[in-house]
Amino acid sequence: MEVIADLHLHSRYSRAVSPQMVIPEIAKWAIRKGINLVGTGDWTYPLWFRELKENLEETGDGIYSIKKAVRDAFFAHERSLKTRDSASGGERRKFAQNDHFTPFFVLTTEISSIYSQGGRGHRIHNLVFAPNFEVVEEINNQLRRFGVNLLSDGRPITGLSSRQICEIVFSVDKNCLVIPAHVWTPWYSLYGSNSGFDSIKECFGEFVDQIFAVETGLSSNPAMNWRIAELDNRSIVSFSDAHSPQKLGREATIFNLDENFSYQQLRLAIINQEIVSTIEFYPEEGKYHWTGHRACQVKQSPEQTKKLGNICPVCGRKLTIGVMHRVEELASRPADFQPEKRPPFKMLVPLIEILAEVRNSSVSSQNVENEYNLITTEFGSEFNFLLKTSLKEMAKIGEERLAEAMDKVRKGDIFIDPGYDGVFGVVKIWSFDGAQDKPQKEQMALF
Ligand SMILES: [Zn+2]
Ligand SMILES: [Zn+2]
């Protein structure tokens, strides 16, 4: 069966995360988005780990689902709110139908490593997947023994190197997975321009052969990663890194697994590069796509940076080197490189952003939110709508302008003002003042 997985997110115990990031809300939004396998996030955080044990039960080998009592209580409460808000009968019925579905969970966390190696400072984020609660418990004990303060944050900040993380994790259970997170962001990543490394070997040393995958992050797509030769025998996975339920699934990885799949089957699919496809943000929309300075409102394409250098013309300090430029630095292959065997990917614009533009409104407006809820209910999920619903069906329910917008999004016929130095890029479907180039042609062809 097709499993749409989002395995990087954070609980309410991580910095700058919505208090809504609790298991029942995550489950509700996963279903609304069309995600059937979701990471727990933050299992290193003691209070969250306790909540995981209270809310989840193992339904397959290493695969968890929300306990029935927890789900029933949550949806009973939700239904009472819905009724009070006098939702239509149809919506209430569909909502009730959705109560039966629950996503599966797998135990994931992210660990922040701040350390020096070879006289240079490094800051790296790594995802760690674990096969069960017992292994989590033991890894957490080991981390404490190494002096890690697990209460520092949902994503613990450690002085341990990426190698030490591997040593601890694999000594507890070799079936864990360590996946470098959002590998191109300038701060806190494997290849990051500010505090990363130039290769996996440099970062992970003797554990290089146990790094089976890297996460693209929002500012890069798989095609950018195909240019790096050392990634050839590794999976390129995409997850949301969501800090609120609404952001779940903005990137995701699709696997083909048995109906009763286990943690082990998921792990082997990642090791053996058995990925059906990935769902991507437009990388231009990511916060670090171009080079620049947020405070000085300076931004540069890789070509401009080559010409102008990386010193800010406003403040005279070093610019934050964007992901595109950093890929150019490390790539041994041209931008249009086409590998023989790589899963395809689709770049999507979040439905809420599409609706906001169709209605000439903002993503935070109540009308847009209501419409988002109606559409995801009517069509089963956001992914069902974005990926599988025909334009005819959209037009049939009187949504011609929405159908037109979806046609443009699916063809990549949109405008994007690229993100830089922590500022998200902006997508426009119809028009844009001061718009930069349209996305590259070769990326469109992949859609
Ligand atoms: Zn991170
Ligand atoms: Zn500046």
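This is a predicted model: local features need pLDDT of at least 70, side-chain atom pairs count only at pLDDT 80 or more; totals for chains, interfaces and linings use all residues.

**Stop 1: strand 1**

Select residues 2-6, which make up strand 1. Is this strand mostly covered or mostly open? Mostly covered: four of its five residues are buried. Now bring up strand 11, which runs antiparallel to strand 1 and is joined to it by four bridges. For a landmark on that pairing, pick glutamate 2 and look across to asparagine 256 in strand 11, which stands opposite.

Your landmark here is alanine 5, with leucine 37 of strand 2 standing opposite. To see how the chain gets across, color helix 1 (residues 23-33): the path goes from strand 1 through helix 1 to strand 2, a β-α-β crossover that is right-handed.

**Stop 2: rings that meet**

Time to show side chains. How many aromatic pairs does the count come to? Twelve. Start with phenylalanine 49 and phenylalanine 133, an edge-to-face pair at 5.6 Å centre to centre, with 70° between the planes. This pair ties together distant parts of the chain: phenylalanine 49 belongs to helix 2 (residues 46-55) and phenylalanine 133 to helix 5 (residues 133-145), 84 residues apart. Both phenylalanine 49 and phenylalanine 133 are buried.

Jump to phenylalanine 104 and phenylalanine 261, which are also edge-to-face, at 5.7 Å between centres and 85° between planes. They sit 157 residues apart: phenylalanine 104 is in strand 5 (residues 104-117), and phenylalanine 261 is in the loop between strand 11 (252-256) and helix 9 (263-271).

For a group of rings, select Tyr13, Tyr45 and Trp48, which form one aromatic cluster.

**Stop 3: charges over rings**

Select tryptophan 29 and arginine 32 together. Arginine 32 lies over the face of tryptophan 29, at 5.0 Å from the ring centre. Then move to phenylalanine 281, where the charged end of arginine 250 sits over the ring, 6.0 Å from its centre.

Definitions and conventions. Residues are numbered from 1 along each chain as its sequence is written. Chains are lettered from A and ligands numbered from 1 in the order in which they are written. Side-chain values use heavy atoms; hydrogens and water are left out. Rings of Phe, Tyr and Trp (its six-membered ring) pair if their centres lie within 6.5 Å; planes under 30 degrees apart count as stacked, over 60 as edge-to-face and the rest as tilted. Helices (H or I, at least four residues) and strands (E, at least two) are DSSP runs, numbered from the N terminus. Buried means under 20% relative accessible area, exposed over 50%, partly exposed in between (1.4 Å probe, protein chains only). A charge sits over a ring if NZ of Lys or CZ of Arg is within 6 Å of the ring centre and within 35 degrees of the ring normal. Two strands pair if DSSP finds at least two bridges between them. A crossover is right-handed if, with the strands pointing away from the viewer, the path from the first strand over the helix to the second runs clockwise.
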